[in-house]
Amino acid sequence: MQNNQSVEHGIKANLNQIIQQLIQVFLVGLALGMTRTVVPGLAETEFGLAAQAFMSLVMFVVVFGLVKATMNLLAGHLSDRWGRRSLLVAGWLLAIPVPFLIYFAQDWYWIVWAMVFLGLNQGLCWSMALNSKLDLAKANQKGLINGFNEFSGYAAVGVAGWLTAYLAELYGAREAILGFGLVVIGLGLVLAIWKVVDTRAWSDLHQHHHRQANGEDGAKPSLGQMFGYATFKQPQLVALNQAGLVEKFIDALVWIFMPVYLISQAQSLVQASAIIAIYGVVWGGSQLITGPLSDRWGRRGLIVWGFWLCAITSFTFVLVDTVWSWSILAAIMGFGMAMLYPTLGAAVADTSVPNQRASVLGIYRFWRDFGYAAGAFLMGLLAFYTESVVWPFYFVAIMMFLSGLWVWLALKPNVKN
């Protein structure tokens, strides 16, 4: 643990701890990614859901989204009381049942329960890894930090999706998730206990600088007051929160319906996971560029054009029929997500004072990950009534276009830092 005299903001000054936090979010991404193609594949091969029972199929993502959204809302508030590191360790402990529930699953409800624990893990660990890096960095490095964070996490999601699908072909789907999951969770827990430090002192220093610059007393409203303000009253935060919610529609689409659609087009589980991995890896890698660019160019343009790029690729994905065209569209979709995803988080951080940042980001992340639940439920209804996995792609395209338009109208052109 570092003492107060060594507390200094900046990526260079805190490089060791920032690397540790990036490793943490990479492992969190691996834990999420192991469910990306193998679990929808299990739905069809072992539980017989993908062909007809669309509402049962989407339920695992609905539950995951609700749990993760709730934990995001509470995590920032709880971390101000208990510290970032304590919640990070708790998040890894809550992940331990996930691979066991999937391995021993007797019916689809076991998978749903696994998603409850995965949502708890993701809400706590991902939130704490991000908030800790924002504590350590300088105030003008928020876009860069968000870019590094989401690169590490979502590149891992893509890699894990392909790797577990490959292992599933060799050893079986349940065995692949059990072995892969226990290694990832065990490593994350050990590193959180032995290598990660709590960043409360850095957060306090940010607040001290803010008070000096603005002459404020640092009084902090309640979580309920901040939730009402961010959700209903502050126009830019309202626009950013709805954008966060809608952008998860496309990720839910990729998680649930893209594997089912590709398998229905005579692609194997490994082939489908490879196409989906392109989306995740491009999304993750491109954020190393788009995150810092948002610090220089502003947030609005990257957010809006990212939404519209995703809308175009979602609409056209079901209009093509070759592996190369699906792969190219998956890459473009991933780049669109890279434009909007870290930039949304940085724009939310722009609007918050340091002693409220964790809570305001938690509110944004609540609405963002509630998009998993809302999007999955609406897409499930649409697929059920149309008896087709194609219409969810069109629905997501429309919603992404409209959400981007809202941000264009509500956000100031020069929103940054």
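Tutor: Let us begin with a charge placed over a ring, which requires NZ of Lys or CZ of Arg within 6 Å of the ring centre and within 35 degrees of the ring normal. Here the charged end of Arg300 sits over the ring of Trp408, 3.9 Å from its centre. Likewise, Lys68 lies over the face of Trp126, 5.6 Å from the ring centre.

Student: What should I know about the origin of these values?

Tutor: This is a predicted model, in which local features need pLDDT of at least 70 and side-chain atom pairs count only at pLDDT 80 or more, while totals for chains, interfaces and linings use all residues. Residues are numbered from 1 along each chain as its sequence is written, and side-chain values use heavy atoms, leaving out hydrogens and water.

Student: How many helices and strands are there in the protein?

Tutor: Helices (H or I, at least four residues) and strands (E, at least two) are DSSP runs, numbered from the N terminus. The protein has 16 helices and zero strands.

Student: How many aromatic pairs does a search of the whole structure find?

Tutor: Rings of Phe, Tyr and Trp (its six-membered ring) pair if their centres lie within 6.5 Å; planes under 30 degrees apart count as stacked, over 60 as edge-to-face and the rest as tilted. The search of the whole structure finds 28 aromatic pairs. In one of them, the ring centres of Tyr154 and Trp283 are 3.8 Å apart and the planes are at 15°, so this pair is stacked. The pair links distant parts of the chain, since Tyr154 is in helix 7 (residues 142-171) and Trp283 is in helix 12 (residues 269-297), 129 residues apart. Tyr279 and Trp283 form a tilted pair, with 5.3 Å centre to centre and 55° between the planes. Both Tyr279 and Trp283 lie in helix 12, four residues apart, about one turn of the helix.

Student: Does Tyr154 count as buried or exposed?

Tutor: Buried means under 20% relative accessible area, exposed over 50%, and partly exposed in between (1.4 Å probe, protein chains only). Tyr154 has 1% relative accessibility and therefore counts as buried. Trp283, at 0%, counts as buried, and Tyr279, at 2%, counts as buried. Leu182, by contrast, has a relative accessible area of 36% and is therefore partly exposed.

Student: Which residues does Leu182 contact, apart from its neighbours within four places in sequence?

Tutor: Contact means heavy atoms within 4.5 Å. Leu182, whose place is in helix 8 (residues 173-194), is in contact with Pro99, Phe100 and Ile177, leaving aside those neighbours.

Student: Which backbone oxygen atoms does the side chain of Gln287 reach?

Tutor: A polar contact is a pair of N or O atoms within 3.5 Å; within protein, one must be able to donate a hydrogen and the other to accept it, and residues adjacent in sequence count only if both atoms are side-chain atoms. The side chain of Gln287 reaches the backbone oxygen of Glu150 at 3.0 Å and that of Trp283 at 3.0 Å. Gln287 is in helix 12 and counts as buried, at 0% relative accessibility. Not counting residues up to four places away in sequence, Gln287 touches residues including Phe151, Tyr154 and Tyr341.

Student: What share of the 417 residues is buried?

Tutor: Buried residues make up 63% of the 417 residues in the protein.
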